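Here are my notes on the aromatic contacts. Have the coordinates open while you read.

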Amino acid sequence: MLEPISVSLESLNLGTLAPMLVAICGGLAIIIIDLIKKDLDKSLYVMLSILVLFVDLMAVIGLQVGERGFFDIMLIDGIAVLSQIIIIVASMLFIPLALTSKRFHEFSYPEFFGLFLLMVGGFQFMVATDNLILVFIGLETASLALYTLIAMHNREKSFEAAIKYFIMGALGAGFFGMGSMILYALTGSVELYKIEEVLAAGGYQNLTILLVGISFLIAAFGFKLSLVPFHTWTPDVYEGASAALAGYMSVVPKIAAFVVVLRVFEFLISSNVVWLRDVLYVLVVLTMTLANIMALVQKDVKRMLAFSSISHAGFVMAAIMIGTTQAHSALFLYWVLFLFTNLGAFAMLWVSRHKESKWHERFDHPYEKFSGMIQIMPVGAVVMAIFMLSLAGVPPFSIFWGKLYIMSAAVNSDYIILALIMAINSAISAYYYLKLIVYMFLKSPEENDGTVYMKNASKPLQTIIGLSVFLTIFAVLAVEPMMGIITYYVEVSGF
Amino acid sequence: MDYILSILVFFPAVAALLGFIVSKDSIRVYGITVAFIEFALSLWLWLSFDGDYAGMQFVESVALIPSFGISYYLGVDGISLFIVILSTFITLVGLIALSETRNVKNMIISILFLEMTMVGVFVSLDAILFYVFWELSLVPMLYIIGAWGGNLRVYAAIKFFLYTFAGSLIMLVGMLVMAYLYYQATGVWSFSITEWHRLLLPLDYQIWLFIAFFIGLAIKIPMFPFHTWLPYAHGQAPTIGSVILAAVLLKMGTYGLVRLTLPMFPDASVYMIMPVAILSLIMIIYTAMVAYAQEDMKQVIAYSSISHMGVIVLGTFAMNPEGIAGSVFFMLSHGIVSGALFMLVGVIYDRRHTKLMSEFGGLAKVMPKYGLIMGIMVMASVGLPLTMSFVGEFLSLVGFYKVSPIITILAGTSIILGAVYMLSLYRKSFFGEVVNEKNRGLKDLNKKESTALWSLVLVTVWLGIYPKPVLGPINTSVESLVSFMHQKAITQKAKETIKPTVIEREAK
């Protein structure tokens, strides 16, 4: 007969679950509101989502760092708090992009916002645990919600994108399952700290089997982080999703995945599994370089930004490969700065979204659309140019500082060749960002009355763009305080 | 005025932002006024500058990212003072002579932004700040070349941007390594250039870092074999673009050599004298020959400009006060003279929309004032005594003579070759009969052009006859730089090569 298990409420430490519960309950509440009263305006739902996320944020900030809870499954360490803050703030910045002046199908459904909050909850679970099963659950909750959100855009391309993403995601999930299984078989645990202990105690005996497991995990995260050669879905999915969602996808899921990767690979790298480091080195260089080269030949700005975000992910992956505290802090700094800029760049595409495809039969945002923008809408062109320069790493705009820190971390760990590869890649990437600037500033406008660039604009969207311009330009002033917070959280959790 | 350097840097930027509001019809006057105030401010800087003090003056320092040692650190010494004044002067003159009519507002705003970055580069004493202004200067220039240039303007603009951007990223890696070495030595992060000067490094580190910095700087100068972007950029750029590019932007490279590489890596600099000298020599002779083969007036001047930059590099690597002071002075005179020459070509291009020498002939008869100024500037470019170029070129070559007489004599051919191509340009276009009927009715210089060009002539002749007010402060700072390098050098060879005058005096 089984012993009855007595669990006291305090030992569960439910406070560690509070943030995710807020998000999930918020999502459910939105759906319940819809049951009670139909046909409410999207602005209500957007504001409700922001409020829920705000409460969520407060709950995260209130967490005690260094706690475990809920049968020790939940782990609240520094990077869990830090990455949750980034996820929630990014979500708060992206969700107002639903307040377009044109009507879009998906935003009229409250389910959109409900799913959105569930997705945020999923990502929060993913980062706040070191249990591989809970990581998996969080990942799948978030991903399934995300697939649906993409498909809700209700165009043929979006269905294709959602299905493509779903299949690739399923494949990734399969790899993840296989990898975790092998780790479990080796160590008898799905909890990373125990896996680490067992492996260290055994002196990494079954290295070959371990490496097979790690290979599966690398592939699984490769799909999520769109590392070359697992990146093939990215441009198509970005193309099919709405620009707002594509921008979101380029930032939030990746930071969640980075945190998991950091947890899984950190102890292996620091215990000198040279093979893993070499594989990651190759992946990083391939991801940066090949994505850059493919971005050169794109005809659509959104596809170009998709490849560019792959390349940026490669850049940041290097920080994990380097594996010092400085590098890990640089990773988070880079991603926050990347958030500022990418938010703005995708929002600029989003406001110029229009139904008729005058310039290209397939693409929404071909380069030609932006021809001579400086003469039609000087402010818009300058703003877009600032985002492009920032992405290219021109100082003093935000991403430059991220690049500076990561390259510096590389140099400090004697990866000077890697730093040079990064430098050369930045130079290559400048070409395709410049291409848009060339179209906007140096070409004469095609017939175009200028309304198209702001077709979708509304006060909230303009505010978001204004905010991200401000953050992009004055990022240098934010680097020091942010770096202080980030380094604190990273050091506290021992990375 | 304690914050005069900050004012100098940000006044044009603020003015450029406000310029968005100024109406299109009045933007010219606005631009010229702003540039004039900026020039007046820079003259004030000169007046309040202590010419006998060799160190940094008007220093401002505010920590930006203290944990990483990045600060807002400005200062000016005899070496940078006059290049700052050159930048503001050339901007003012360029704006006065501006003849562009398309989209004038955007152009003036971008020139004012460019002015901010130019002044910023020359007064920054923090490597990252230096790098920020250095990179930012590419953006307005990209726009100026790309939007108002000739047929191949987009290609030229992108080539210009990518070349410099790629080079400077390698320099950035060098800076990061340097900061790391400084951190290892002292336990503190710092990107301050004056702090870096104090860091002693072993020779092999110095050599690698020297190469990293040198690539970034050499592309900007542009040294052979990285010079290929320049003829395109000049060929396509509008007049004001070429003027600023030749007069100021190229100087960023040579200024960087004096400010960064020499004092930071004295031993590596000495070690690399020969390779650099040979590159400079190729650059001097080869581009001079290419200049002679050109049919387009602007290309002749573009290549001659590269050729003269070679002499500047040579002077810098003489490693003695004469050579370095001469090269700094030559930077100024090259700025004035090549700026004037590009402006002169712009004058004729505005009238005829061609720059081919074969289209002209006998211009001196039709446009006597124009012919006169062109004559003076051609002579100045050739290095005629009593013009500004003579002083700089002579000192640079004298300085290098102490290092290697043979190379100096070979480099001296640049004066002869220069005379050949410049005078043949002058002969083909200005002397003889008026062959082409279209040239008969050309109008001589108008008021704007005369004002701009005569002020340049004035400076050329004034500093050619009496260079002391400028050369004095330059010398003070350069001598302290050289004796600093002499002290810092660790290898015997470097100690011998770097010869401060103080030691020579003592020896006698």
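1. With that, A:Phe315 and A:Tyr334 are both buried.

2. Some housekeeping. This is a predicted model, where local features need pLDDT of at least 70 and side-chain atom pairs count only at pLDDT 80 or more, while totals for chains, interfaces and linings use all residues. Residues are numbered from 1 along each chain as its sequence is written, chains are lettered from A and ligands numbered from 1 in the order in which they are written, and side-chain values use heavy atoms, leaving out hydrogens and water.

3. Rings of Phe, Tyr and Trp (its six-membered ring) pair if their centres lie within 6.5 Å; planes under 30 degrees apart are stacked, over 60 edge-to-face, the rest tilted. That gives 56 aromatic pairs over all chains. One of them is A:Phe107 with A:Trp350, edge-to-face at 6.3 Å centre to centre and 80° between the planes. A:Phe107 is in the loop between α4 (78-94) and α5 (110-127) of chain A and A:Trp350 in helix α14 (residues 325-351), so the pair ties together parts 243 residues apart in sequence. Helices here are DSSP runs (H or I, at least four residues), numbered from the N terminus. A:Phe107 is buried at 3% relative accessibility, and A:Trp350 is buried at 0%.

4. Back to A:Phe315 and A:Tyr334: their ring centres are 5.7 Å apart with planes at 20°, so this pair is stacked. A:Phe315 belongs to helix α13 (residues 301-322) of chain A and A:Tyr334 to helix α14 of chain A, 19 residues apart.

5. Have a look at A:Lys403 too: its charged end sits over the ring of A:Phe315, 5.1 Å from the centre (NZ of Lys or CZ of Arg within 6 Å of the ring centre and within 35 degrees of the ring normal).

Note on methods. Helices (H or I, at least four residues) and strands (E, at least two) are DSSP runs, numbered from the N terminus. Buried means under 20% relative accessible area, exposed over 50%, partly exposed in between (1.4 Å probe, protein chains only).
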